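Please look over the sequence and the structure shown below before reading on. The questions that follow take up one topic at a time, and each answer ends on what was asked.

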Amino acid sequence: MSNRVDRGVSTSSTEGLQAFGEKHVTKGLGRITEGIMMRGKGSYVEYDNGRRMLDFTCGIGVTNLGHCHPKVSQAAADQCMNIVHAQCSIAFHEPYLRLIEKLLPMMPHPSLDSFFFWNSGTEVVEAAIKMARTVTGRQNVICMQGGYHGRTYGAMGVTRSKTVYSEGFFPVMGGVFVIPFPFWHQFGLPPSTPTSTLVTQSLYQLELLLAQQTSPRDTAAIIIEPVLGEGGYVPAPPEFLRGLREVCDKHGIMLIVDEVQSGFARTGKNFFIEYSGVKPDILLMAKGLANGFPLSGVVSRKEITDKLAPGSMGGTYAGNAVACAAAVAVADAMKEENILANVNTRSTELFDALHALQKDPALAQHILDVRGQGLMVCVEFASPAGPGAQHDPARGLQTPKGLASRVAKRCIEKGMLILTTSAYEVVRFIPPLNISAEDMRKGTEIFAMAVIEVVNEG
Ligand SMILES: Cc1ncc(COP(=O)(O)O)c(C=O)c1O
């Protein structure tokens, strides 16, 4: 490594570089590991001290085809030698259009035929809100308790997963109303509550909201993550999504489906919304779209996007040519490598391993729930304090505190990167979608050992 100088402090070693980072990188970013990530290949990453880690985070659901997928990296490298920045308001570029060709047949409904690419998830949330407001001529947006949509002001305004995303930053975007997602926590009910009860309650709250708080005449859109991500890895029941569609159709409200995390085969279908057969008015994607290159997309019907004024959408780097070329290769690789089949096989193995843990008499009382879809899966631990506690106080009281973060930390010590999520005690599994059976077994074994050790420590 070349010698670097920080105002006279040599940082020729990566150890020095770590200290340099701690001094000069904002505290506003959190980090779950020490050290410098140097390389990634397939399901593994390597740190500066040579430590190799199994990656069950995929960089928060991004590197779905594993790190540095050869076909994707090659496509990006080739594009780098061709043109890097062909600005979207100056001209079309070929990878942009080739990407749309690849995506059209993957769309959950043929009506979704008009695309715009941006860089990040939060930006396409902003675009969707702007589109819904201008096209309907209405202002208000309904979002879900537990939903996460990003850190910019509009997206933050419709985020309700944790206060850390908005604490100290108010006022956020106005005109936002909230209904409970059909998740037992949101009603203070136990995990065994029938899905139909949760769906009925949530749709009833929507009805009340439209009668008491925001008139349909003022309501532009309902925005939903069809699988709550930062809210606790909760798939929406298909009947709830169909209920939302009906309400939207009745009142001319737009349904914005945010599949930034759940899209691109993550849940065993190209998009989770396919499980319900519901047609989104606006569908959002990012993360797995380009396997690590910054790219996001918003797709809607041409009849809707034709109402937008030219120039009202855009961005200097929007739909970068290198990122689009990588995304074209992602779409090809997903097909050629039959990724959907692998997701469904590995998902069964993952659920089997987690259900076995849940049935273990020594652990059963500490595991409240195992849920998810495809390879977007989580374990929720019981909690003696905090929002999870009330559902089973008898069990909760005997459960150690902070199980999720302690288990995640122990997994990291044992060589596997894994993340927690939500305001509850949840550890989430987001492994690569092309993970081997062997690495899935390894990951679930590390997790099981970590849970046993932490529970025994009390
Ligand atoms: C569902 C969902 N929407 C939006 C975002 C924001 O995406 P980004 O972090 O790329 O801005 C995320 C990020 O985790 C997400 O999971």
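**Questions on a predicted model**

Q: Where is the place of Pro171?
A: This is a predicted model, and the peptide bond from Phe170 to Pro171 is cis, with omega near 0°. Most peptide bonds are trans. As for its place, Pro171 is in the loop between α6 (153-157) and β8 (176-180).

Q: In which loop is Asn338 found?
A: Most residues other than glycine have a negative phi. Asn338 is a residue other than glycine with a positive value of phi, near 45°. Asn338 is found in the loop between α10 (321-336) and α11 (339-359).

Q: What average pLDDT does the protein chain have?
A: Over residues 1-5, pLDDT stays under 50, and the model has seven contacts beyond four places in sequence for these residues. Where pLDDT is low, the predicted coordinates should not be read in detail. In the protein chain, 95% of the residues score at least 70, and the average pLDDT is 95.

Q: Which helix gives the largest share of the shell around the ligand?
A: There are 14 residues around the ligand, and Ser120, Gly121, Thr122, Val260 and Gln261 come nearest. By kind, the residues of this shell divide into five nonpolar, seven polar and two charged. The largest share of the shell, three residues, comes from residues 121-136, which form helix α5.

Q: Are α7 and α8 roughly parallel or roughly antiparallel to each other?
A: Two packed helices are described by the angle between their axes and the distance between the axes. Helix α7 (residues 195-212) and helix α8 (residues 238-251) have axes 10 Å apart and pack at an angle of about 20°. Angles under 35 degrees count as roughly parallel, and therefore α7 and α8 are, to each other, roughly parallel.

Q: How many residues of the contact of α7 with α8 are charged?
A: α7 passes α8 in a right-handed crossing. From α7 the contact takes in Val199, Ser202, Leu203 and Leu206, and from α8 it takes in Glu239, Phe240, Gly243 and Val247. Of the residues in this contact, five are nonpolar and two are polar, while the number charged is one.

Q: How are α13 and α14 placed to each other, oblique or roughly parallel?
A: The axes of helix α13 (residues 403-413) and helix α14 (residues 437-457) come within 9 Å and cross at roughly 125°. The crossing of these two helices, α13 and α14, is right-handed. Since an angle under 35 degrees would be needed for roughly parallel, α13 and α14 are therefore oblique.

Q: What numbers of nonpolar, polar and charged residues are in the contact of α11 with α14?
A: The axes of α11 and α14 come within 10 Å and cross at roughly 20°, which makes α11 roughly parallel to α14. The two helices, α11 and α14, pass in a right-handed crossing. Arg346, Glu349, Leu350, Ala353 and Leu357 in α11 meet Ala437, Met440, Thr444, Ala448 and Val451 in α14. By kind, the residues of the contact of α11 with α14 are seven nonpolar, one polar and two charged.

Terms used
Residues are numbered from 1 along each chain as its sequence is written. This is a predicted model: local features need pLDDT of at least 70, side-chain atom pairs count only at pLDDT 80 or more; totals for chains, interfaces and linings use all residues. A residue is near a molecule or strand if its C-beta atom, placed from the backbone, lies within 6 Å of it. Helices (H or I, at least four residues) and strands (E, at least two) are DSSP runs, numbered from the N terminus. Ala, Val, Leu, Ile, Met, Phe, Trp, Tyr, Cys and Pro count as nonpolar, Asp, Glu, Lys and Arg as charged, and the others, Gly among them, as polar. Axes are lines fitted to C-alpha atoms, for helices over the stretch in contact, and angles run from 0 to 180 degrees between N-to-C directions. Angles under 35 degrees count as roughly parallel, over 145 as roughly antiparallel, 65 to 115 as roughly perpendicular and the rest as oblique. A crossing is left-handed if the near helix is turned anticlockwise from the far one by less than a right angle, and right-handed if clockwise. Two residues are in contact if their C-beta atoms, placed from the backbone, lie within 7 Å. pLDDT is the predictor's confidence in each residue, from 0 to 100.
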